[in-house]
Amino acid sequence: FLCLGSEGGTYYTKEKDLGRENAMAILRLIDDGQAESVVSTIVEFSVEGRAAKHEPATFALAMCARSKDEKAKRLAYANLSRVCRTPTHLFSFVEFCEKLSAATGGTGWGDR
């Protein structure tokens, strides 16, 4: 997911569904208490330029920032400048956070 995102579907799965499944895997890892590992992997892929596109890492970090896990939130915001190194990345992060907040009914006040 972090390397390629969901650029295209597989033979049986459409691109949107595949991206949703991959994103849910991140939430399951956070729920299993692996927030530190998730955020460090996101940072690693971003800093080392190991991904074809930057959006999956930005989206994954936004998922951590908007999760219910306080440790994941704290780690996501602590590493924000390492992942979102350009204004474009930062604007994408904010947009992803707003969309994730709207999907869960949150107000997003923590991002202001």
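**Entry 1: R82.** I looked up what R82 touches. Leaving out residues up to four places away in sequence, R82 touches V43, S46 and V47; contact means heavy atoms within 4.5 Å. R82 lies in helix α5 (residues 80–83). Helices here are DSSP runs of H or I with at least four residues, strands are runs of E with at least two, and both are numbered from the N terminus. I found R82 partly exposed, with a relative accessible area of 43%. The cut-offs are under 20% for buried, over 50% for exposed, and partly exposed in between, with a 1.4 Å probe and protein chains only. I also checked R82 against E44. They are 38 residues apart along the chain, and their C-alpha atoms are separated by 9.4 Å.

**Entry 2: the ground rules.** This is a predicted model, where local features need pLDDT of at least 70, side-chain atom pairs count only at pLDDT 80 or more, and totals for chains, interfaces and linings use all residues. Residues are numbered from 1 along each chain as its sequence is written, and side-chain values use heavy atoms, with hydrogens and water left out.

**Entry 3: the whole chain.** I listed six helices and zero strands. Of the 112 residues, 33% count as buried. I then took the contacts with a separation of 6 or more. Residues 24 or more positions apart account for 62% of them.

**Entry 4: H89.** Is H89 buried or exposed? H89 is buried, with a relative accessible area of 17%. H89 lies in helix α6 (residues 87–104). Not counting residues up to four places away in sequence, H89 touches H54, T58, V83 and C84.

**Entry 5: helix α3.** T58 sent me to this helix. T58 is one of the buried residues of α3, and A57 and L61 are also among them. Nine of the 12 residues of α3 are buried, so the helix is largely enclosed by the rest of the structure. At 1.5 Å a residue it should span 16 Å, and its end C-alpha atoms are 16 Å apart, which agrees. The expected span is 1.5 Å times one less than the number of residues.

**Entry 6: a helix pair.** I compared α2 (residues 35–47) with α4 (residues 70–78). Their axes come within 9 Å and cross at roughly 25°. The two helices are therefore roughly parallel, a label for angles under 35 degrees. A35, E36 and V39 of α2 make the contact with K71, A72, L75 and A76 of α4.

Technical notes. Axes are lines fitted to C-alpha atoms, for helices over the stretch in contact, and angles run from 0 to 180 degrees between N-to-C directions. Angles under 35 degrees count as roughly parallel, over 145 as roughly antiparallel, 65 to 115 as roughly perpendicular and the rest as oblique.
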